[in-house]
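Today I look up one residue and then the chain contact around it.

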Amino acid sequence: MATILINGTEYPIPEGEKLNAIQMAKRVGVEIPYYCWHPSLSVVANCRMCEVEVGSKDPKTGEVKMMPKLVPGCQTPAKDGTVLVTDSAKVQEHQRMIMELLLLNHPLDCPVCDQAGECGLQDYSYEHGQSNHRFVEERIVNPRKDVSDLIQLNQDRCIMCTRCVRFTREITQTAELQVMRRGNHAEIATFPGVSLDDNPLAGNVVDLCPVGALLDKDFLHKQRVWFLAKHDSVCTHCSTGCNISVEENKGKIWRVKPRNNPHVNDYWICDEGRYGYKDDSAPDDLLEAMYVLKGDDHVAVAIDEAVRLVDRGLKQAVIGGRTVAGVLSPFLTVEEAYLMATYLKGMTSDAVLAVGPVPARGEDRTFSPDKSAGRSGDTSFLAPRPFTIHAEKAPNARGVRAVIEHVQGAVVEYDELLRKVEAGEVGALYVASGSPTDWIDEPTAAKVREKVAFLVVQDSRVGALAHKADVVLAGGTYAEKAGSYVNADGRIQYAGASLPPRDGSLPDLDLFAVLLDRPGGPARSSDVLAELAEAAPAFAAAKGGTLPLYGATLEASASSPRENGPPPFVDAWYAAMGAAKAR
Amino acid sequence: MATFEPVLTRNWNVPDARSLKVYESRGGYQAARKALTTMDPDAVVNLVKDSELRGRGGAGFPCGLKWTFLPKDRKETLMCVNGDESEPATFNNRYLLERDPHMFLEGILISCFATRASTSYVYLRFEYIEATRIIEEAIAEARAAGHLGKNIYGTGFNLDVWVHRGAGAYICGEETGLIESLEGKRGWPRIKPPFPAIEGAFRKPTVVNNIETLCCVPHIVERGAAWFKSIGTPKSYGPKLYTVSGHVEKQVCVELPLGVTCRELIDDHAGGVWKGRKAKAAVPGGISMGLLSADELDTPLDFESLRKPGCLGLGTAAVTVIDDHTPIIDYLVNTSRFFAHESCGQCTPCREGTGWMSKTIHRIKNGGGRIEDLDVMLHLAENLGIIPGTTICGLADGAAWPIKNALAKFRPELEEYIRTHQTPGAGPTPLQLDVAAGRRVDLFQVGNAIAAPPPAAALHSPGRPDA
Ligand SMILES: Cc1cc2nc3c(=O)[nH]c(=O)nc-3n(C[C@H](O)[C@H](O)[C@H](O)COP(=O)(O)O)c2cc1C
Ligand code: SF4
Ligand code: SF4
């Protein structure tokens, strides 16, 4: 078995992976500090922070020979017989020197810098630096500039790691960013007449930047990061299902950051998902309470009364021999869809379950990094992973369909349901939406209202149909509910709730649970998922109700095996740091 | 020494030597014909390996050995000729280009044949406008005469030579910086491995050689490895172009066997130190290589001997003489400014270190020096470069060496300079010193740096002394 010697201890090297010294050391709990290296970008070894002592062990004699000079860990492959020393006095002295050099021209403006609290310079200064330095010359002062409408560059804080430049060259392959000038006057800049405005993944350069040089203007000076509580979630803006961290303080979301998932989004999210949180929580447009149509007007009623009215209305329709139909939008979680389907089918097996319209915009856009083109450094450690922004702008069309298929046998399409409504075949209609945008326009809403005797709308926002409904149930936004979604590749992933339910509303899962009169207190999505996995073979992968960290594929195929493989290396700048971690 | 017959410069004084006609009439392209028509490429490689020709570009890496690093099963090889000659005071490549372009082309032709490269890029320094024109004319002539192009000498060997002009950066002389620049990118040296021989320009196996290195190849083919090894000193064989400039009577470029001493060069070839003065020091091979003091001028200028006096190496064999009227601080001002300006800005130690050293040296020059500045710089210089392993390329070593050598050899003079040149206001301010030392800064005390208002009197502060 291949082994590596790190700080005097021998460790086995995992098979089938090409790891560098940083990754290998991290696997066994040894931290090698670094700035410019990033697991998804080529190796350029220019920050020089990760230098360690490297040697080799003779397989026969066991003799260890060290190289006289320091070598960057990022460009050192973990091979059989490699010897690494990461904590010697020589290495620590070198780290102190690099910290001193990086801070020569760095302003001491942490008190006004957004990065403070999650900054690579702060963390490594504390760990590897020193509190004084020998530099008594004048510092270089560079003005701030914008690289796009949403991203600001504070050049004096930049440490020239070129992560941002490599991202635009290697991942998006749009190459908007470059380095200008030489030596310590080098600057990051956009090419003339170019900005990051048209780059749909632009926001990622802010996350990549290990210091406070590239900052998000949307977040600029709004919050100190240590006040933010971070919640693991999944983006609902398209069917990719990017893993995100929703960061909130006192119930208000301030920003959305990507979480690493090598099977889905790697380290990235698109700007639509990143800034989408604003539409989702625009306060004037959210439903504040449950409403019932009294005469011509909607009146707010208590939650239990609204729910009772829904149940009664639907049951009367069944007794009256009229058809009951439900629309399950692709924004519902798997668990919500399952409870809604069981509720309606439990009332009458004739109930019609239709999937809501799946919004689509533009075309799928895939960024497939290529090892051979556009790269600027050593690419031999890379496993390039494509990133796709899907045209399908809903998170769970596959999950909802699979649930309906299980409960009803076949899926009724939305258009087909509309035809049934128009033909007057539907007596009572229960629409569960949760869509962040309107997907029923005024004329359709009017038509539906005219034909359907009893209309229930469950949504988080006020839509055209809600104005006409008999009962309006206020459900949760994506941030207020927990549950799982099935993405475009058939991977089921769990998204936790980031915010408590707003006043006057109830998360959709709870609404269905109340309608179903489920015993055992508030519904837990994991219990529901476990039930579903037990009942439906399609969801067998979710057995037990808890999903692994990177989710699980419902149907194993060659491109997406059921097993997730070993956990890949997670870039340190993504791990929650400092106080924010403790909350 | 009397038996030494110059070969690299043999056509320099012949009228019209640049033209193909004259070059051919003096035996030109015979070596190429011999290699291409009678030898196997590997035989040429072995011949060059046997001659122990070491690269003339600065690093002195054995040329034949470098060629054997190319992968055996390669489909395509590229030959990049390094003509970026930007090392200050170096002009031997320029003479070769301007005075005998066809000898250079013949060198390319044989070397490309040996390495099986059918494309060659000649990367020329931006400022060599005249040389660019001359070499382009020579290429056109050689192509028309069948020395370049398709099916050369009926052997089926093809070769295209392209001239590429740089954009004025020293760093593009570093071989991987050159390759990046050739590819149209910013001239940022690459990390090695992979070495260019495995993955170079356009991700293909690439050989990078200096102009003078290639110019030696035809003569080796013509006269044999034994002839080549009969010239020079052990481990440093062959003829070498030395340039002498600075404070000498006559600035020259001469061809001599490797291993001539610095003093011989100055006295016998450059007419001695100018104005009847004495030499204080001499730069042995371009400013990256450090400094020889006056008593070290008898050091032979070859690949091995310069280690003893603590220099980095032979470099480009460009000797710059500094006379005894010149303060060493002026030498340091010039070198540090050069390296701070030319550092590409990629590696943290080089980017920040060269800038820092340049600022400190300028401060000393302007009368704000402190003795401890010398130690700070020395510590920095010792940790800079590929030798301690802290940078990607050798520019940082070159930046460190002048400082290391000057401090080792002229420290008393520098200390004396600092003591006797103190100008008020030129040194660091108390505020800068406090910030650097991590001391709490009393803004009120440091009134000259920041005019801070007196602390506001709080309404309820009974304990306040002046309340
Ligand atoms: C900063 C730096 C600048 C260099 N500049 C030149 C140059 O101008 N010309 C040159 O031939 N080699 C230069 N070199 C050396 C090249 O990297 C390389 O060693 C050389 O081109 C190899 O050719 P050779 O083996 O024929 O000497 C430079 C190296 C460094 C580190
Ligand atoms: S702006 Fe940030 S990411 Fe870009 S080079 Fe500077 S420090 Fe690195
Ligand atoms: S050592 Fe200096 S010049 Fe060389 S690559 Fe690094 S920063 Fe650039």
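I began with a polar contact (N or O atoms within 3.5 Å, one able to donate a hydrogen and the other to accept it; residues adjacent in sequence count only if both atoms are side-chain atoms). A polar atom of the Thr391(B) side chain lies 3.3 Å from the backbone nitrogen of Ile386(B).

A note on the source: this is a predicted model, where local features need pLDDT of at least 70 and side-chain atom pairs pLDDT 80 or more, while totals for chains, interfaces and linings use all residues. Residues are numbered from 1 along each chain as its sequence is written, chains are lettered from A in the order written, and side-chain values use heavy atoms without hydrogens and water.

Next I placed Thr391(B): it sits in the loop between helix H14 (371-382) and helix H15 (395-420) of chain B, helices being DSSP runs of H or I, at least four residues. Is Thr391(B) buried or exposed? It counts as buried because its relative accessibility is 4%, the cut-off being under 20% with a 1.4 Å probe, protein chains only.

I then listed contacts (heavy atoms within 4.5 Å). Leaving out residues up to four places away in sequence, Thr391(B) touches, among others, Cys347(B), Pro349(B) and, from the other chain, Arg48(A).

Chain B brings 48 residues and chain A 46 residues. I found two salt bridges between the chains, taking a side-chain nitrogen of Lys or Arg within 4 Å of a carboxyl oxygen of Asp or Glu. Arg363(B) pairs with Glu137(A) in a salt bridge, at 2.7 Å between the closest N and O atoms.

Key:
Helix = DSSP H or I, 4+ residues; strand = E, 2+ residues; numbered from the N terminus. Buried < 20%, exposed > 50% of the residue type's maximum accessible area, 1.4 Å probe, protein only.
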